[in-house]
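Colleague: I would like to learn how to read sheets, helix packing and cavities in a model. Can we work through one together?

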Protein chains: 2
Amino acid sequence: MHDEFARIEWLRARFELHGADERLLVGIGDDAAVIDLGKPPVIVTVDTQVEDVHFRRDLISCRELGYRAFVAAVSDVWAMGGLPSAALIALTLPARLSDHEFRELIEGLAEAAESTRARIVGGNLSGGELLTVTTSVFGAPVHEPVARKGAEPGHLVYVTGTLGAAAVGLALLEADGLDPEQTNHFVERWKRPPLNDRAATGLAKIASAAVDVSDGCLQDLGHLCKASLVGATLRADSIPTENSHDSVCEALGLDPLLTALAGGEDYELIFTAPASNEAASLGTTIGEITAETGVRVVDTHGALVDVQRKGFRHFS
Amino acid sequence: MHDEFARIEWLRARFELHGADERLLVGIGDDAAVIDLGKPPVIVTVDTQVEDVHFRRDLISCRELGYRAFVAAVSDVWAMGGLPSAALIALTLPARLSDHEFRELIEGLAEAAESTRARIVGGNLSGGELLTVTTSVFGAPVHEPVARKGAEPGHLVYVTGTLGAAAVGLALLEADGLDPEQTNHFVERWKRPPLNDRAATGLAKIASAAVDVSDGCLQDLGHLCKASLVGATLRADSIPTENSHDSVCEALGLDPLLTALAGGEDYELIFTAPASNEAASLGTTIGEITAETGVRVVDTHGALVDVQRKGFRHFS
């Protein structure tokens with residue numbers, strides 16, 4: 001497809017022309033929208049996973065796909081400092097999908113719905129060439145919604161969990177050759193995005209801005225910084241990764257730091273906040289917000305690290 | 001695909017197993033779900049239009065497609081006696097779709113959003129082989145939500161607007177040969193589903209049950225009757241159709257009554273209510289709810305008309 005971000009930017013401008021609407025608290029260009037339909041406001045988001053674009057049928061089972069698609073969509077609600085309460089599922093089902101596979105897909109969605117406490121309340125079934133799962137999720141902010149805008153110079157940058165494991169897991173699936181004992185954990189991290197409800201609840205009270213990591217830490221933090229009109233400096237030695245991340249990356253011919261910072265599909269939460277024990281209890285401090293725009297990475301001596309900035313490579 | 005209705009029935013049963021949830025006021029198997037996230041309750045629905053399943057690119061422009069997909073999704077909110085307030089758009093865009101076509105698609109969606117007063121608050125862009133528009137709509141009931149369940153014997157059956165025109169319009173587009181002067185109106189009816197906000201507002205106060213006509217009057221009224229544990233008798237001579245419906249049907253080799261009753265994609269509203277002037281002011285009386293289950297069609301003498309019951313034929 002054409003430049004997705006340019007099109008989103010065009011959409012944001014296009015729909016802002018409609019004029020101010022006091023019911024729209026957060027609009028196009030954030031992880032999710034927040035609308036005032038009563039009290040509390042409703043957080044709404046939608047995510048689509050398309051066969052041969054976001055997943056290959058030979059690399060993930062229908063049940064795993066359902067779980068993954070659902071949690072990835074919920075992740076956008078957590079990134080707004082919200083908790084999900086309900087979801088709609090729109091499925092495009094190829095004729096070759098058996099009833100067994102259909103039910104497995106639904107069981108994966110149902111497991112994720114239970115794990116995230118977002119009840120599946122409806123949906124839509126359609127025929128179509130490629131298996132597609134579109135998940136719309138509704139939720140409510142725990143406190144006030146946390147947008148991408150709001151980070152201020154001096155605030156620290158935190159990330160939940162570890163980075164890069166999903167990208168390593170996908171690379172392992174595609175390479176299909178390394179020792180499963182050492183690598184199953186990474187594959188699981190790609191197949192099962194993390195449940196960040198506790199972090200979402202915690203950051204809702206203290207974060208100045210937040211975003212979830214779908215396209216890679218550098219790219220998503222870049223979106224947050226752009227929305228906040230600030231920049232960030234990350235410390236290369238603070239980036240949290242899984243045990244054996246470096247050795248598995250090297251076996252795969254991947255750069256460990258680049259994979260952690262640009263690999264994508266982590267579905268961890270990046271948030272910014274004034275330094276505090278509470279913030280530190282929710283994630284790892286990886287850097288600091290700066291008045292200077294752009295996202296930089298520095299080594300232990302403060303020297304710039306030349307991280308090739310590229311986003312996650314999709315299948316097509 | 002496999003039997004869509006069997007799968008929906010399986011889904012309904014599957015997700016009812018989770019047990020009662022007092023926040024879920026209407027669940028799977030209706031036009032839309034109604035969830036209690038605060039006051040007022042929120043009506044949520046999702047609809048997908050897939051290239052070569054629901055539309056052919058050579059029969060509808062991108063702008064028309066956007067308008068049509070959006071209004072068709074909103075129709076489910078109106079059928080619940082609700083008015084829409086916001087929508088999320090998930091688009092799957094083939095690489096061959098130009099930026100101009102993308103913007104035309106968005107302008108069609110935007111026109112429909114303005115016409116239906118459902119603000120587009122967010123969405124998702126994805127690559128993919130086939131152009132797909134998935135519209136999630138949120139709204140609020142005007143009064144109490146109107147479900148498919150609730151029709152009682154003796155209530156009359158009403159329908160807004162006319163039936164069969166969209167099916168005739170699509171047949172005309174596919175035949176591509178009749179006099180445009182006489183037929184443009186039908187094509188417009190397929191391309192531009194009706195705006196039923198006024199009817200939705202009116203029926204919200206008086207209807208015992210309602211459904212929108214997507215698969216055809218007989219099939220959708222059948223769903224309403226099944227949910228209400230009743231049946232219906234329709235009077236063939238009361239079915240409202242467009243001027244020249246019969247002659248255009250005959251020129252196309254279509255049965256006029258069958259086309260009106262089973263053609264589908266009308267996106268008109270069928271509702272049931274005790275006889276009243278108010279109900280009659282919103283639509284045409286086409287029959288009566290009966291204790292005997294099943295939907296029957298009778299002529300002016302009360303004799304059964306053998307209408308071949310078949311739903312709308314999709315492209316594939």
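Colleague: Which residue is the bridge partner of Leu91(A) in strand 6 of chain A?

Modeller: Start with the general idea: strands of a sheet pair through backbone hydrogen bonds, either parallel or antiparallel. In this predicted model, Leu91(A) is bridged to Val133(A). Strand 4 (residues 82-93) and strand 6 (residues 132-141) of chain A are antiparallel, with ten bridges.

Colleague: What is the strand order in the open sheet of chain A?

Modeller: Six strands run in the order 1-2-3-6-4-5, and the pairing is mixed.

Colleague: Which strands does helix 3 of chain A lie across?

Modeller: Helix 3 (residues 99-116) lies across strands 4, 5 and 6 of chain A. Its angle to strand 4 of chain A is about 170°.

Colleague: At what angle do helix 4 and helix 8 of chain B pack?

Modeller: About 35°, with the axes 11 Å apart. The crossing is left-handed. Helix 4 of chain B contributes Val168(B), Ala171(B), Leu172(B) and Ala175(B); helix 8 of chain B contributes His245(B), Val248(B), Cys249(B) and Leu252(B). By class, this contact has seven nonpolar residues, one polar and no charged.

Colleague: Now cavities. How many of 30 Å³ or more are found in the whole structure?

Modeller: Rolling a probe the size of a water molecule over the atoms shows where empty space is left. Here the search finds five.

Notes
Residues numbered from 1 in each chain as written. Chains lettered and ligands numbered in written order. Predicted model: local features only at pLDDT ≥ 70, side-chain atom pairs only at ≥ 80, totals over all residues. Heavy atoms only, no water. Axes fitted to C-alpha atoms, helices over the stretch in contact; angles between N-to-C directions. Helix = DSSP H or I, 4+ residues; strand = E, 2+ residues; numbered from the N terminus. Left-handed = near helix turned anticlockwise from the far one by under 90°. Contact = heavy atoms within 4.5 Å. Nonpolar A, V, L, I, M, F, W, Y, C, P; charged D, E, K, R; others polar. 1 Å grid on protein atoms, 1.4 Å probe; cavity = no way out; pocket = protein on both sides within 12 Å on 5 of 7 lines; lining within 4 Å. Points joined across faces, edges and corners; volume = space filled by probe spheres on them. Pairing = 2+ DSSP bridges.
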